[in-house]
Amino acid sequence: MVDVASLSTGAQALRRDAAGPSGPKPRHALSRRNIFLYGTLIVVALYYLLPLYVMIVTSLKGMPEIRLGNIFSPPVEITFEPWVKAWATACTGLNCDGLSRGFWNSVRITVPSVILSIAIASVNGYALANWRFKGADTFFIILIVGAFIPYQVMIYPIVIILREIGIYGSLTGLVIVHSIFGMPILTLLFRNYFTSMPEELFRAARVDGAGFWGIYLRIMLPMSLPIFVVAIILQVTGIWNDFLFGVVYTRPDTYPMTVQLNNIVNSVQGVKEYNVNMAATILTGLVPLIVYFISGKLFVRGIAAGAVKG
Amino acid sequence: MEADIANPSVSIQDLSLNFGAVSVLQTLNLDVAEGEFIVLLGPSGCGKSTLLNCIAGLLDISDGRIFIKGKNVTWEEPKDRGIGMVFQSYALYPQMTVERNLSFGLRVAGVPKEEIAKRIARAAEILQIEPLLQRKPSALSGGQRQRVAIGRALVRDVDVFLFDEPLSNLDAKLRSELRVEIKLLHRRLQNTMIYVTHDQIEAMTLADRIAVMRGGVIQQLDAPQTIYNRPVNRFVAGFLGSPAMNFLKGELEAGAVPVFKADGVSVPLGRYQFDGDGGRAAKPCIFGIRPEHIAFGDAAGAMPFTAESTVEIVDPMGSDTLVWTKLGGQIISFRVEADKTLRNGDAIRIGFDPARASLFDAQTDNRL
């Protein structure tokens, strides 16, 4: 038997010994771990931010200042002339109305493509995840394999198809192309998300009498804000930044912004206006950048809301 | 097996379900009387939840027919079957308030607003969830969520309630509270209820009849006491009862008074009630006796069968104590009151009434 009395006096003796470690372990701000961690982060951040810095600085300089060659020095005389020129008057081919034309073309391409592709893919994913119809697996595999076929293989056949339908060169044609090419990855995204939702929820809704669309619209949609935000980020940036399809399936007056940017930057006539080129590039990249900033916040909020289990 | 039920509330006829080559349910038959509380009991993967989903219409069956209230619902959608279902994970719609959760099915069906309000008020009153109606499910405790889930079945005003392990996600204390509530609910509503669980205490306390399932086959369908006292086979005997029934391997010797013999022990079975002519032929068999049916000390002397043994291990469990000892060279356990102080190695005397035992054929595992 253990002597309980002597045990408790021993514990008191231990407590009196105040010299030993007690309470939270102290942390040092300049520990080797912290230096390594923050050092790496700072180096990587600089590596990524430096080109952006050079672009912004250059776009705010006049041509004489650029010719001095100090690309890292801040502008002595800040001018917004290059930005205005890039947006409104830079020439691409015969048109001299800057990037504005391409911007509106890109908007007219991106908005319908994003809506169409996400609308179809989310229903696809929902059907594949929850309504295990006959051949669902085969259908899914075919769709996924589609994602691995190189674009180059399909470019010319699609040109022929669009031409035969009579929408080659129009924005409608490009919207359809973008929607189709977004389908495999988006369907996969939505299918996996809906699969991860508790199946009993779906069953409960069926017992409650909701049908295919009822369950989709009233149960699944309100629960899937995070995945919709992810899909929107993916599609907006993907379609906005697309160059290949834009250059192949549109005509000069319907070129998207990226193609126009290329034509401005790569024009061989006259002087290279680096400041205009930089401004044009930043303008083109602004939309994905804004999407990241806005939806990034929403995205985090969506994830946090989903984390509180219903 | 059972007397036919004249007007079954739920009738399952020759139901089969295959997933590819795997047969989950095999030509299963089950009649549930009006207002009866049936518990489907079995280990994981025995097909009890699958059967419930078939009744609900959430799984397409491979063969057979299902009748609810005399109507053939085999090909009907879940909503048209007159059933309400309660799920293990509650399955409440997270973005809706409790009130909208309750009313969802009614809104889908286009029930008038006043009628919806009336039914919700009634369900909320029965389940005492009136203060919670405007909350979201995430702001509810587990027990409250399950009450809401029951309420969702309640407002649909259905004939048959289906429960799919509704208490498995709750802690032990809440579980016993809600168990009592479900029992009271059944008494008040008098609906037919089919309840799936793997918890034998839930089964014993709630059921009018228990269907013990294994491998997609109902092993025994009977009142809880009958299943407890006269299990039809060794699986049912071992599955019900905690601590589990003791099994002794041995031989059955036929005679005017059949005797069970195992390594130095012979138990006369004069008082044992054989099924049919089970006692006639000598054969290897298994003798089953529940720990709570073994008497100890002075009480053992009054029993028709007694034996001397020594204590191997003592397991105090609070309300009582489980003692492990040896009989016929095989380990058995029995229960004694908690205040009995026994030490390992103590010589003891145990006894039991063979009439309370169960004898199983060693080959078929069926009751003799």
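This tour moves through the structure stop by stop, saying what to select next and what is there.

**Before selecting anything**

This is a predicted model, in which local features need pLDDT of at least 70, side-chain atom pairs count only at pLDDT 80 or more, and totals for chains, interfaces and linings use all residues. Residues are numbered from 1 along each chain as its sequence is written, while chains are lettered from A and ligands numbered from 1 in the order in which they are written.

**Chain A, coloured by confidence**

Helices (H or I, at least four residues) and strands (E, at least two) are DSSP runs, numbered from the N terminus. Within chain A, confidence is highest in helix 5 (residues 100-130), at a mean of 94, and lowest in helix 1 (residues 4-16), at 60. Then go to residues 306-310 of chain A, where the pLDDT is below 50; beyond near neighbours in sequence, this stretch has seven contacts in the model, a contact being a pair of residues whose C-beta atoms, placed from the backbone, lie within 7 Å.

**Chain B as a whole**

Select chain B next, which has nine helices and 20 strands and whose C-alpha atoms fill a box of roughly 75 × 45 × 35 Å, taken along the principal axes. Of its 368 residues, 42% count as buried; a residue is buried if 20 or more other C-beta atoms lie within 10 Å of its own, exposed if 12 or fewer, and partly exposed in between, with C-beta atoms placed from the backbone.

The domain assignment of chain B gives domain 1 (10-238) and domain 2 (243-361), with bounds that come from an automatic or database domain assignment. Colour the two separately: their centres, taken over C-alpha atoms, are separated by 38 Å, and five residues of domain 1 are in contact with six residues of domain 2.

**The open sheet of chain B**

Show the strands of chain B and look for the open sheet that six of them form in the order 6-7-8-3-9-10, with mixed pairing; two strands pair if DSSP finds at least two bridges between them. Strand 6 and strand 10 (217-222) are the edge strands, each pairing on one side only, and the twist averages 20° from one strand to the next.

Now select strand 7 (residues 160-164) of chain B, which pairs with strand 8 (residues 192-197) in the parallel sense over five bridges. On its other pairing, four bridges join strand 7 to strand 6, and these two also run parallel. The bridge partner of L162(B) in strand 8 is I194(B).

Show the side chains here as well: V160(B), L162(B) and D164(B) point one way from strand 7, F161(B) and F163(B) the other way, and all are buried. Helix 4 (residues 142-155) of chain B lies across strand 6 and strand 7, running at about 175° to strand 6, where axes are lines fitted to C-alpha atoms, for helices over the stretch in contact, and angles run from 0 to 180 degrees between N-to-C directions.

**Strand 19 of chain B**

Move on to strand 19 (residues 347-352) of chain B, which pairs with strand 15 (residues 294-296) in the antiparallel sense over three bridges; here F296(B) stands opposite I350(B). Strand 16 (residues 305-316) pairs with strand 19 in the antiparallel sense over six bridges, and E308(B) stands opposite R349(B).

**Where the chains meet**

Show both chains together: 21 residues of chain B are in contact with 17 residues of chain A. On the chain B side, strand 6 (83-86) and helix 2 (98-109) are the elements that give two or more residues, and helix 2 provides the largest share, four residues. This side divides into 14 nonpolar, six polar and one charged, where Ala, Val, Leu, Ile, Met, Phe, Trp, Tyr, Cys and Pro count as nonpolar, Asp, Glu, Lys and Arg as charged, and the others, Gly among them, as polar.

End at L58(B), in the loop between helix 1 (48-56) and strand 4 (63-68) of chain B. L58(B) is buried, because 21 other C-beta atoms lie within 10 Å. Not counting residues up to four places away in sequence, L58(B) touches R203(A), R206(A), N53(B) and P78(B). The C-alpha atoms of L58(B) and P78(B), 20 residues apart along the chain, are separated by 6.5 Å.

How values were computed:
Contact = placed C-beta atoms within 7 Å. pLDDT = per-residue confidence, 0-100.
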